[in-house]
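Me: I am new to protein structures. Please take me through one part of this one closely, in short steps, and then show me what surrounds it.

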Amino acid sequence: MIRILLVDDHPVVRMGLRGMLDAEPDLSVVGEASSGAEGFEQAVALTPDIVLMDLRMPGGDGVEATGRILSAAPGVRVMVLTTYESDRDILRAIEAGAAGYLLKDASPKELADAVRAAARGETVLAPSVASTLVRQVRSPAPPALSARETEVLKLVASGLTNADIGKRLFISEATVKTHLLRVFNKLDVADRTAAVTTAMRHGLL
């Protein structure tokens, strides 16, 4: 029997989930919680096999609760079940250690099968969530510029010459050129204009 804890701030949602899951012969809802903090307490006290965790709730969000549960009860598997599928929500949940990320429009069969898969140690992702993660992996992370490199590039973008930038920052013109060469290398560009446009495209300026 797979023991499940429901964590969601909407009583009607919890009631519906309990009805769907308890109808399965191998699934049993052993507890409910209406906030992340309460979910943590229940998870530690009940040590269920699976926690179905909503993301956005009063009294502590689901990602924070997920991290706390997995630290205190590493044998518990947490699955996110939410209406939200923003890139930020998905990445935060996965980074916190969630074993799955499902959306509330999943069918009863999809939900039950996902719970069983998570209990077997598998990672379960809604198709749209899986696509988001693939896109994130395929998109290279923007290069990281130092604070000084960013400062120099901002002044380049404002139209200042190397000499002007040196005077503004109280550094030599040669040092300005050194910073720019490092920027060119990090952004894989060959000139000032390309450096500025590339940095803007990556959200660095």
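Which strands does H1 lie across, and at about what angle does it run to S2?

Reply: First, some ground rules. This is a predicted model, where local features need pLDDT of at least 70 and side-chain atom pairs count only at pLDDT 80 or more, while totals for chains, interfaces and linings use all residues. Residues are numbered from 1 along each chain as its sequence is written, and side-chain values use heavy atoms, with hydrogens and water left out.

Now your helix. H1 lies across S1, S2, S3 (50-53) and S4 (77-82). H1 runs at about 165 degrees to S2. The names come from DSSP runs, numbered from the N terminus: helices are H or I with at least four residues, and strands are E with at least two. The angle is taken between N-to-C directions and can run from 0 to 180 degrees; axes are lines fitted to C-alpha atoms, for helices over the stretch in contact. Contact means heavy atoms within 4.5 Å.

S1 covers residues 2-7, and S2 covers residues 27-33. They run parallel and are joined by 6 bridges. Two strands count as paired if DSSP finds at least two bridges between them. Ile2 faces Leu27 of S2 across this pair. H1 itself spans residues 11-22, and together S1, H1 and S2 form a right-handed β-α-β unit.

Asp8 is buried, because its relative accessible area is 2%. Buried means under 20%, exposed means over 50%, and partly exposed lies in between, using a 1.4 Å probe and protein chains only. What does Asp8 touch, apart from neighbours within four places in sequence? Its contacts are Val13, Arg14, Ala33, Ser34, Asp54, Met57 and Lys104.

Next, widen the view to the whole sheet. The sheet is open and has 6 strands, in the order S2-S1-S3-S4-S5-S6, with parallel pairing. S2 and S6 (124-125) are at the edges; each has a single partner strand, so one side of each has no neighbour in the sheet. At the S6 end, 2 bridges link S6 to S5 (residues 100-103), and the two strands run parallel. Tyr101 has Leu125 in S6 as its bridge partner. Here is a general point about strands. In a regular strand, side chains alternate between the two faces of the sheet.

An unreviewed UniProt entry places the feature "domain: Response regulatory" at residues 3-119. UniProt positions follow the numbering used here, feature names are shortened, and annotations may be inferred rather than shown by experiment. Over residues 3-119, the chain is 48% helix and 22% strand, and the end C-alpha atoms are 9 Å apart.

H3 (residues 62-72) and H4 (residues 87-96) pack at about 10 degrees, with axes 9 Å apart. H3 and H4 are therefore roughly parallel to each other. Angles under 35 degrees count as roughly parallel, over 145 as roughly antiparallel, 65 to 115 as roughly perpendicular, and the rest as oblique.

H7 and H9 pack at about 95 degrees, with axes 9 Å apart. H7 and H9 are therefore roughly perpendicular to each other. On the H7 side, the contact uses Arg148, Glu149, Val152, Leu153 and Val156. On the H9 side, it uses Val176, His179, Leu180, Arg182, Val183, Lys186 and Leu187.

Finish with two loop residues. Phe170 is in the loop between H8 and H9, and Asp188 is in the loop between H9 and H10. Most residues other than glycine have a negative phi. Phe170, not a glycine, has a positive phi of about 60 degrees. Asp188, also not a glycine, has a positive phi of about 55 degrees. Phe170 counts as exposed, at 78% relative accessibility. Asp188 counts as exposed too, at 71%.

Key
Right-handed = clockwise from strand over helix to strand, strands pointing away.
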